[in-house]
Amino acid sequence: MGMTDVLIVGAGPTGLVLACDLARRGAAVRIVDRSPVPPRTSRAKGPNARSLEILDGLGVAEEVLAAGSAPLPMLKYRDRLPVAESDPWADCAPSPDAPYGRGRLIAQWRLEEILRDRLAGYGVRVELGREATGLAEGPGGQHVDVTFAEGRTERARYVVGCDGAHSAVRKLLGIGFEGTTAEDQVMVCGDVDLADGALDRTRWHQWFDEDGAVMLCPIPGTRTGWWFQAGPERDGRGRPLAPSADGFRRLLARHTALPGRALTRAELLSTYRVNVRMADRFRAGRVFLAGDAAHVHAVAGGLGMNTGIQDAFNLGWKLGLVLAGHAGAELLDTYEEERLPVAARTLDLTSERLRATLEAIRRPGGGLDAAITPDMTGLGVGYRWSSLARGHADAPQAADDVAPDAPQPGDRAPDAPCVDAGTGARTRLHRVFAGPRTTVLSFGPGSAAVLDEVAASYGESGVRTCRVYAAHEDRATSGSGAAVVDDEGHAAAAYGRGASEGTDTSTVVVVRPDHHLGLSAPADDAHSVHAYLRRLHGAGRAAEGSGGRSAERVLRHRWTPPVKAD
């Protein structure tokens, strides 16, 4: 039986982002989905600002931007009449450290198409119509055998369940999914067509009345398509009725000034209940959970798909480094260490925003803008508590000479516009970070020696170096690796390196492959830099003769609990 490196179960945005990230690292990856055709859903409305950065790192952001639209102002109605308009994203403009000030509206199925195309470019295609029905860990915990409904068994070094809230992988593992389902908080959803010109497509229309609600948001890339969300019709005993095209027409006629016949098509109909649940662990041996398989929460703020995309980006590089034999298998413990607290906070945050929204819509003029806060951009999510967030001399803090508001180890690494020192072309730091590598940035003339050491030791094991020159700085000392000129001072400001001319506060910053800071250290503390890189990339050139994957094979014997057999 052949063995793949990673078998991903579930081909939604979470599974596809993980597959793309692993495939570009050269891992042998397969991705399966139980649906016989590419799944189409009507839930997620698009990536937030942080997810756009991740999609940019995967090389698909431009296509996503072209296929989508900016978030729209919200027009609120009461008793069929417009009463208020607001744009909750009006103040969210791009900045030097965050080029995507706001998210993007795009149909989830369209985003999945873009990701599938990117994945196909690596020679990997989604295997449709394949339902996982059994999991068993192999002898010595060295692999996982996955059994499928058609009777075949596939073997993989690792398995990741990205298969949604009703995850078969999670159930096969016997992992608890504790939380609550609010049976009284129900919404019917679908994709509909409205008669051409029926509503202004530059607005997200929201009717909130005492006896119900209808929300219509135009679907980008379509001429007459809209996302339809509404409070359900109810029977004589107050129980919600299943969604139907005729039911949608009745809701439209009851709450809006449009006649029911203006709704010409309805598909992808579903009922949404507020579920707030989280897996009690995100890993069992060689099997991981990500996205809705690991956590579900209130829809308020649109963080569901985005949290899953960010799970995938956290896990992908760690699997990649372990599979390549650079990092020890214990690196994989940091996935749950970092992402479980983020999921727990997201559950709390979205529940609070749902409460605020339900309160807001009781008043005329209230709407879904009550759910939108700066937290919804995802730009503030970090891992300062993580064992991978280290200051110099192994203290969990930043270097002493860094500005107090500078990003700390664990935080998202800021972007900054700059100039390529070699070509003179304009670029930005996130372009330097793009691709499946760790980046070592250095500031100040005293950092040249440690940067050269890093390039010599780790340049062939997934580490890039980049010298950030101040505009006034002599560049004659340029060594190996990339170099950029911080011509407008944005990089120095973003990383708290605002030293005055003539003062040497040379610093080295290690940026993880998921674009979070791992380490910040003075340039004379080469020991801390090398110790950190050793944890992710082994002994560098000294380990080249040890034979790649052999390190991963040796480390398999340290693995924890066996996967529960089906």
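**View A. The side chains of D193 and T224 are joined by a polar contact of 3.5 Å.** A polar contact is a pair of N or O atoms within 3.5 Å, where, within protein, one must be able to donate a hydrogen and the other to accept it, and residues adjacent in sequence count only if both atoms are side-chain atoms. The model is predicted, so local features need pLDDT of at least 70 and side-chain atom pairs count only at pLDDT 80 or more, whereas totals for chains, interfaces and linings use all residues. Residues are numbered from 1 along each chain as its sequence is written, and side-chain values use heavy atoms, with hydrogens and water left out. D193 lies in strand β9 (residues 177-194), strands being DSSP runs of E of at least two residues and helices runs of H or I of at least four, numbered from the N terminus. At 17% relative accessibility D193 counts as buried, a term for under 20% relative accessible area, with exposed over 50% and partly exposed in between (1.4 Å probe, protein chains only).

**View B. F228 and F248 form a stacked aromatic pair, 4.1 Å centre to centre with 15° between the planes.** Rings of Phe, Tyr and Trp (its six-membered ring) pair if their centres lie within 6.5 Å, and planes under 30 degrees apart count as stacked, over 60 as edge-to-face and the rest as tilted. Because F228 belongs to strand β12 (residues 225-230) and F248 to helix α6 (residues 245-255), the pair ties together parts that are 20 residues apart in sequence. Both F228 and F248 are buried.

**View C. F288 and Y335 form an edge-to-face aromatic pair, 6.0 Å centre to centre with 75° between the planes.** This pair links distant parts of the chain, with F288 in strand β15 (residues 287-289) and Y335 in helix α8 (residues 333-360), 47 residues apart. Both F288 and Y335 are buried, and together with Y158 and F282 they form one aromatic cluster.

**View D. The largest nonpolar core holds 119 residues, of which V6, I8, I31, L135, V159, V160 and L319 touch the most other members.** A nonpolar core is a set of buried Ala, Val, Leu, Ile, Met, Phe, Trp, Tyr and Cys residues joined through side-chain atoms within 4.5 Å. Helix α7 (residues 304-323) gives the most to this core, with 10 residues. Apart from this core lies another, of 18 residues, among them V214, W226, A230 and L251.
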